[in-house]
Amino acid sequence: MACEDGQEGHLQQLAKDLDDRIVALRGQFGEIGDARLTVMAALTVCDELLDTGQRIRALEEELETLR
């Protein structure tokens with residue numbers, strides 16, 4: 001996979017994180033297919049991203065009321 005110069009380490013860390021998630025899911029659900037495990041891992045990441053965005057917005061609103 002291509003990336004900008006200097007971003008190789010970051011890309012490798014992202015790939016490792018995704019692989020770790022897939023390995024964990026494989027441990028939970030067994031061999032249900034690489035594509036299925038990859039989609040499940042991606043959905044997990046998306047869920048975490050959505051939750052984090054909501055928490056950030058709530059904290060921004062709280063900060064605004066404290067000003």
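**Note on the predicted model**

1. The chain contains 2 helices and 0 strands. The coordinates are those of a predicted model, and the comments below should be read accordingly.

2. The radius of gyration of the chain is 17 Å, whereas a compact globule of 67 residues would have a value near 11 Å. The C-alpha trace spans about 50 × 35 × 15 Å along its principal axes.

3. Of the 67 residues, 9% count as buried. Carbon and sulfur atoms account for 57% of an accessible surface of about 5,700 Å².

4. Arg 21 deserves attention. This residue is found in helix 1 (residues 8–29) and counts as buried because its relative accessibility is 19%, the limit being under 20%. Leaving aside residues up to four places away in sequence, Arg 21 touches Ala 41, Thr 44, Val 45 and Glu 48.

5. Arg 21 and Glu 48 form a salt bridge, with 2.8 Å between the closest N and O atoms. Since Arg 21 lies in helix 1 and Glu 48 in helix 2 (residues 34–66), the pair ties together parts 27 residues apart in sequence. Glu 48 is partly exposed, at 37% relative accessible area. A network of salt bridges links Asp 17, Arg 21 and Glu 48.

6. The count of salt bridges comes to 6. Among them is that of Glu 31 with Arg 26, at 3.1 Å between the closest N and O atoms; Glu 31 is exposed at 64% relative accessibility, and Arg 26 is partly exposed at 24%. Glu 64 and Arg 67 also meet in a salt bridge, at 3.7 Å from N to O, and both residues are exposed.

Key: Residues are numbered from 1 along each chain as its sequence is written. This is a predicted model: local features need pLDDT of at least 70, side-chain atom pairs count only at pLDDT 80 or more; totals for chains, interfaces and linings use all residues. Side-chain values use heavy atoms; hydrogens and water are left out. Helices (H or I, at least four residues) and strands (E, at least two) are DSSP runs, numbered from the N terminus. The radius of gyration is taken over C-alpha atoms; the globule rule is 2.2 Å times the number of residues to the power 0.38. Buried means under 20% relative accessible area, exposed over 50%, partly exposed in between (1.4 Å probe, protein chains only). Accessible areas come from the Shrake-Rupley method with a 1.4 Å probe; for residues, only the protein chains shown count as cover. Contact means heavy atoms within 4.5 Å. A salt bridge is a side-chain nitrogen of Lys or Arg within 4 Å of a carboxyl oxygen of Asp or Glu.
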